[in-house]
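Hi,

Here is the structure I promised to pass on. Have a look at it, and then read on for what turned up.

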Amino acid sequence: HITDLLSVSEEPEKLRIYDDEKTGTFVLGLAETTVEDESQVFQILQRSAKKRITAETEMNKYSSRSHSIFTITVHSKSTSSEG
């Protein structure tokens, strides 16, 4: 089961993993969020952690068997004294 932890929707989406020779492995339709500083990143990670679904397994009562993957892309722009 794949869950978009950044989605604001309360309804679970039907997400699938795709494997493409050119782009690699990806999940179509995942939410993307733009942030301005690291505090916003941590806010998103905390909010996402609350949406994770965990459950015990037969082997381990405390094992979540839940994994999270986040991709962070950084865009930066340098400025000079001239503007």
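One cut-off before we start: a residue is called buried when its relative accessible area is under 20%, exposed when that area is over 50%, and partly exposed in between. Leu6 has a relative accessibility of 19%, so Leu6 counts as buried. Please keep in mind that this is a predicted model.

Now the overall picture. The protein has 83 residues, and 11% of them count as buried. Its secondary structure amounts to 1 helix and 2 strands, and reading along the sequence gives the pattern β-β-α.

Back to Leu6 for a moment. You'll find Leu6 in the segment before β1. Along the chain, Leu6 and Ala31 are 25 residues apart, yet their C-alpha atoms are separated by 5.7 Å.

The largest pocket holds about 1500 Å³ of space. It is lined by 36 residues, and Leu6, Ala31, Ile69, Phe70 and Thr71 are the ones closest to its centre. Which elements give two or more residues to this lining? They are β2 (24-27) and α1 (38-51). The largest share comes from α1, with 4 residues. Sorted by class, the lining of the largest pocket is made up of 17 nonpolar, 12 polar and 7 charged residues.

Then there is the second largest pocket, with about 180 Å³ of space. Its lining consists of His1, Thr3, Asp4, Ser9, Glu10, Glu11, Pro12, Glu13, Lys51 and Ile53. How does that lining divide by class, and what are the counts? For the second largest pocket they are 2 nonpolar, 3 polar and 5 charged residues.

Last, the surface. Tyr18, Phe26 and Leu28 make a nonpolar patch of about 270 Å² there. Tyr18 belongs to strand β1, which covers residues 17-20. Is Tyr18 exposed or partly exposed? Its relative accessibility is 31%, so Tyr18 counts as partly exposed.

After that, you could turn to Tyr18 and the nonpolar patch it makes with Phe26 and Leu28.

Cheers

Terms used. Residues are numbered from 1 along each chain as its sequence is written. This is a predicted model: local features need pLDDT of at least 70, side-chain atom pairs count only at pLDDT 80 or more; totals for chains, interfaces and linings use all residues. Side-chain values use heavy atoms; hydrogens and water are left out. Patches are made of residues with over 30% relative accessible area and no salt bridge: like charges are joined within 9 Å, nonpolar side chains (Val, Leu, Ile, Met, Phe, Trp, Tyr) within 5 Å. Accessible areas come from the Shrake-Rupley method with a 1.4 Å probe; for residues, only the protein chains shown count as cover. A salt bridge is a side-chain nitrogen of Lys or Arg within 4 Å of a carboxyl oxygen of Asp or Glu. Buried means under 20% relative accessible area, exposed over 50%, partly exposed in between (1.4 Å probe, protein chains only). On a 1 Å grid over the protein atoms alone, a cavity is a set of points where a 1.4 Å probe fits but cannot get out, and a pocket is an open set with protein on both sides within 12 Å along at least five of seven lines; lining residues have an atom within 4 Å of a point. Grid points are joined across faces, edges and corners, and a volume is the space filled by probe spheres set on the points. Ala, Val, Leu, Ile, Met, Phe, Trp, Tyr, Cys and Pro count as nonpolar, Asp, Glu, Lys and Arg as charged, and the others, Gly among them, as polar.
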